[in-house]
Amino acid sequence: METHDHIPDFLMAYFHGEANEEQKKLAIEWLKSPENDKVFQQLRKIDSMTADLNLLQQFDLKDGKQQVLKKYRNRKAFAISVWIQRIAAVLFIPVLLGGIWYYVQQNELRKELKVLMVTQEIVTQPGTKTHLFLPDSTEVWLNAASSLKFPSVFVGNERRIALDGEAIFKVFKNKKKPFIVSTASMDVEAVGTEFNVSAYSGDLKFSTTLAEGKVKITDRVKSEEVMFLDPGAQLNYDKKNKTYQAETVRVQDVIAWRDGVLIFNETPFYEVAAKLGRWFNADIQINDQSIANHRFTGKFTSESLDQVMELLTLTTPIAYSSSKRKILDNQNFSKQEIKIWKNPNVKINEKIK
């Protein structure tokens, strides 16, 4: 069976005894792999050590000593002193052993975590998208031409991942350990939230759109720049001019790409070209900057790239040329190349009806 690159949510449910029948079947199948079974045994060991450490921390030696003194306070001072010394000697042995055990187990825990703490990277090629679960059960939809880096196990007081591209996150709620999406421009922090982040390194704009919950956005260069979003809001950051703009949007339109639908609403044409290029794995160039900022509104579902371009010529002031894909030496196909320019027979202020 194929080995997964991350610990799936059904395994964590199985591990904690909370799995349903379908999750149990998936976990049993997953554990057939020797490598996967090794990871599972490491998880068992870490869980056992953590439980033992918690038990040790619950032992209150100071309180126990006070109770002993209180119970026998009426006895002779000498007898009490001798007796307490004996008790202390008896107590000291397990405490000493516990301390040694704690030190050894901490080192063992660190070793186990080092084995498990491996950075994973998921990359989607242009024209593709993927759906996955992170180790904490956060659900992710990764759009075309995007990459996502995350640890195989989240440790510490936060869950930090790195995104270059676009993704939708449905965050598993954990108030004690916030979820942080780190991009080149901004950090987006959430606890139990669903939101979209568009942060392609080659784009001029960064945006975050909130579906539910609440997010905190921090500028990575100017850490004093902190913004909060409520559901239905979108924050846009212009990388060139370093300006922010918050607006209310139709969230379902923004995240429709998850279901294979592209929706544009008064979108600048240079953004339309970039999204279509990633969506269809094509090289789309605007050769006439006079149409780069033309606003386009429209919706595409199952159309091919050729059909999309023909529809655009009917609703926008453009003309275009298109090359055919070629078979390369490595037996892959080349990208389809499309060049766009202004159609002089159509007025620039015309918009789709």
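**Entry 1: helix pair**

I looked up H7 and H8 and found that their crossing is right-handed; the term applies if the near helix is turned clockwise from the far one by less than a right angle, and left-handed if anticlockwise. The contact (heavy atoms within 4.5 Å) is made by Phe269, Leu276 and Phe280 of H7 and by Leu305, Val308 and Leu312 of H8. H7 covers residues 269-280 and H8 residues 305-315; they pack at an angle of about 165°, and their axes are 11 Å apart. Axes here are lines fitted to C-alpha atoms over the stretch in contact, and angles run from 0 to 180 degrees between N-to-C directions. H7 and H8 are therefore roughly antiparallel to each other, a label for angles over 145 degrees.

**Entry 2: basis of the model**

I note that this is a predicted model, in which local features need pLDDT of at least 70 and side-chain atom pairs count only at pLDDT 80 or more, while totals for chains, interfaces and linings use all residues. Residues are numbered from 1 along each chain as its sequence is written, and side-chain values use heavy atoms, with hydrogens and water left out.

**Entry 3: confidence**

I checked pLDDT, the predictor's confidence in each residue from 0 to 100. The protein chain averages 81, and 74% of the residues score at least 70. Over residues 1-5 the pLDDT is below 50, and this stretch has seven contacts in the model beyond near neighbours in sequence. Residues 52-57 also stay under 50, with eight contacts beyond four places in sequence. Where pLDDT is low, the predicted coordinates should not be read in detail.

**Entry 4: whole chain**

I find eight helices and 18 strands in the protein chain, taken as DSSP runs (helices H or I, at least four residues; strands E, at least two) numbered from the N terminus. Of its 353 residues, 41% count as buried, that is, under 20% relative accessible area with a 1.4 Å probe, protein chains only; exposed is over 50%, and partly exposed lies in between. Among contacts between residues at least 6 apart in sequence, 51% join residues at least 24 apart. The accessible surface comes to about 21100 Å², and 52% of this belongs to carbon and sulfur atoms; the areas come from the Shrake-Rupley method with a 1.4 Å probe.

**Entry 5: positive phi**

I looked at Ser137, a residue other than glycine with a positive phi near 80°. Ser137 sits in the loop between strand S2 (130-133) and strand S3 (139-142) and is partly exposed at 22% relative accessible area. Ala145, also not glycine, has a positive phi near 55°. Its place is in the loop between S3 and strand S4 (147-151), and Ala145 counts as partly exposed at 27% relative accessibility.

How values were computed:
Parallel < 35°, antiparallel > 145°, perpendicular 65-115°, else oblique.
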